[in-house]
Amino acid sequence: MKRLNNLYYSKRIKELLAELQTAGTTLVVAPMGYGKTLAVQYFLQEQERCGKKVLRQSIYGAGAEAFWQGVCHSWQNTELGAALLQQSLPADANAKTLVLELFRQLLPQEPVYWFIDDLHLLESSEVIDFLFALSKAGFADLHLLLVSRGQIFDGSRLLELGRKVFCLDKHDLALQRDELAEYSSRCGLQLTAQQLDALHEACEGWFSVTYLNFLNYDRYQRFCLDTGSVYEMIANVLLRPLPSEQQRLLLLMGQPEEFTPEQVAYAYGTSCRESVGRLLECNAFIIRLANGRLRCHHMLKQATRHAFGLLPEAEQQMYFRRLGQWYAQQKEYEEALDWLYRGRDFDGLLAAVQQLRDWSMHPQHRQHLFDWLCECPPEILWQYPQAVLIIMRRMFSLNMVPEMLQVKEWYVTALERNTALSQRERDNYYGELEVILSFLAFNSITGMSEHHRRAYKLLSGAPQTLSKQGIWTFGAPSVLGLYLRTGCSLRQTVEDMQECMPPYYLLSGWHGAGAAELTEAEALLLQGRIDEMDMPLQKAYYQAEKHGQECITICCDFLEMQRDLFRGVYSSKAEAYSRHQWQLQPWKQSMLLNTADMCAGFYYALLGKPEYIPSWLTDGNGQQPSVLYPARPCRNYISAQCLLAQGQYTELLVRWSDWEQECRPYSNFLCLLYLQVQRAAAFAGRGDVTSCRASLKQALAMAEADKLVLPLAQNIALLRPYLEQEAQGECSAAAAAALHLGQQMEAGRGQIMSARFAEAGLQELTEQELQIAQLAAARHTNREIAQRLSLSEGTIKQYLNKIFAKLQIDAAAKNKRHQLERFFSNS
């Protein structure tokens, strides 16, 4: 009796697969048709029989977002899965740190085999970076099985993983001559040695081609060894010999990525359970999945999709429409959308969209958002205003603003022409529209508030377009960095925030709570009114923590760090941020790790400890962690301050124009002011007096009206002599205030350095450096020290520069020796 669909695993293959039990990561890399997936599935079924936990994930597209959805789906119903749902695919070092920490904390306390198939379909380096980081972490109970047609990790990464990775390739999976003989015998075929030799030579152990030849031999008593294409073999062996009904059913099986027999019968349109059953029994290219569904092997899928494309267009649309209707009936609305669109069923498509309030969106839908509405007949569009609203919301998140504004007109028309809506429903729809349009008014506080107030009056409940869990600050550590639009507007901005945020809190359920108080505290800090900022700062802390607004809490910490520099108090929060020791919990969003880095980087730049600055803040290779676009101006002025602390003046000036341009779209005045001050400081560092004075004059003119002297004071070390000159000029008040505030900061910084870093710094000095430092601290001149040690004055000067650098004493400061004396008195 012939058993052609029986799977065959040789003793050699079984021994190789047994190695997967001890491997942290297994890479199975071979061309299509070598049985990669079937071999791993055989191993996993054995593990399941032993009670081990197995997770399976298949890749069906090139997008990183779809991959991450698959990750979350794989780990669903676990504590780790719930935490991963709050994250996105980690695209930078901070995000990877967070996700790996979640794995470390929340992995089940038992062996888990996680199988990810068809990685070659991905076009995302971020996914491979994440899988490499996961492999490198080497969690004891996690076994990662990665399958691909092409290379997954390059040679250097394989070398770095070492024994943590186990590799199988096509040579391991290919059938050997004796295995081919055993396989044919188990299938019930009586082949001669000559036939086996010819088949093995032609197929080179290629499992799928061997199987197709077995089927052809059983039917026609001959092999098809000279066929030019494996797809042509599939068509000749598996498709064309079938009766018409079974041909159509097989073509339909090849359309979805996964399917059920009931789904195929529904799409075909008549009762055909027996025909479906016969197809499944006689085709080993149809694989049964762990979730109970089926899928066609890629070779069969490609062959059937080619044949399906030759059908009349009307017939194709009919099948597409039925597939979409099937998904909609199963409440798999995201899957339904593309099929309904391809089947030109716009009624069904918009009905499905209306079910997707929390639409994560498949990558292919991004390409079709606008097409759906453009091609939909108006009389259908007018019946679905809620669907149009949801699409508009997605367009804004994709920065499709021109298209969004056009859709707005369709939306209003849809509302006006839909006579079935009650007045309450109509008002709610208009209220949701106001919420969406408010984003287009960013960063005008009053402009956004007008929309929020109108929305609040219209809506009968919470809006669907706002989430309290969203990051109100977009990841920026400064509220005024986002919302201060012009000069001469600081007081008005504070008042607008205090007036406009309470209505927004009512609308959004306290999203951004504490922002109004925080704005007042930041304004006082910018003006150097250090002692007056404590009360609004504490109020902001209280509101943010009460309502779970972590992004506001981080902004509060940013202000506190800067304030404490003036008070000579070392910030333990900055130290915790720099080490990521800040309540790392599963619900934390990775973007806030980048915000924490910005806070710590800016603080240590001001403190004069550049070695503590996160490297990504000054890297110029474009691989910076992702921050939302509105937060980029804040990130840029923080990066500029870090470059100043590192003495990279030229690098700052090279990047300055790009940074300045990024402040223009939203009129980020405070960020522009910082960049102008930092540009002047960079010119000062390079000794370019003329350019420094020109930039400083512009900065003083910007700061004068609202007394925004903090950025100037924070760069006092490089700008002091120029500010002293400007104190006699047109902006004398701002220059004098900056000098006074800068002296306060230097004094506070000196206290921190003496108390915190003096002993460590002195330990870095060589014996001769220590002797010179002691003499200098005792107020001996360079000449006196040189004569005493029989060295030249130039050599003493070089030694002192090294000493000041090691002790973090500002080389531009006038009281360097006084600071040196203080080091010795405190150590």
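This briefing looks at the overall build of one protein and at some of its charged pairs. The model is predicted, so local features need pLDDT of at least 70 and side-chain atom pairs count only at pLDDT 80 or more, while totals for chains, interfaces and linings use all residues. Residues are numbered from 1 along each chain as its sequence is written, and side-chain values use heavy atoms, with hydrogens and water left out.

**Overall build**
- The protein has 43 helices and seven strands; these are DSSP runs (helices: H or I, at least four residues; strands: E, at least two), numbered from the N terminus.
- Its C-alpha trace spans about 105 × 80 × 45 Å along the principal axes.
- Of the 827 residues, 55% are buried (under 20% relative accessible area; exposed is over 50%, and partly exposed lies in between, with a 1.4 Å probe and protein chains only).

**Salt bridges**
- The structure holds 34 salt bridges, each a side-chain nitrogen of Lys or Arg within 4 Å of a carboxyl oxygen of Asp or Glu.
- Arg453 and Glu499 form a salt bridge at 3.9 Å, N to O. Because Arg453 sits in helix H25 (residues 445-458) and Glu499 in helix H27 (residues 490-508), the pair ties together parts 46 residues apart in sequence.
- Glu726 pairs with Lys697, their closest N and O atoms being 3.4 Å apart. This pair links helix H38 (residues 716-726) with helix H36 (residues 689-704).
- Glu726 is buried at 5% relative accessible area, whereas Lys697 is partly exposed at 44%.
- Asp531, Asp534, Arg563, Asp564 and Arg567 are joined in a salt-bridge network.
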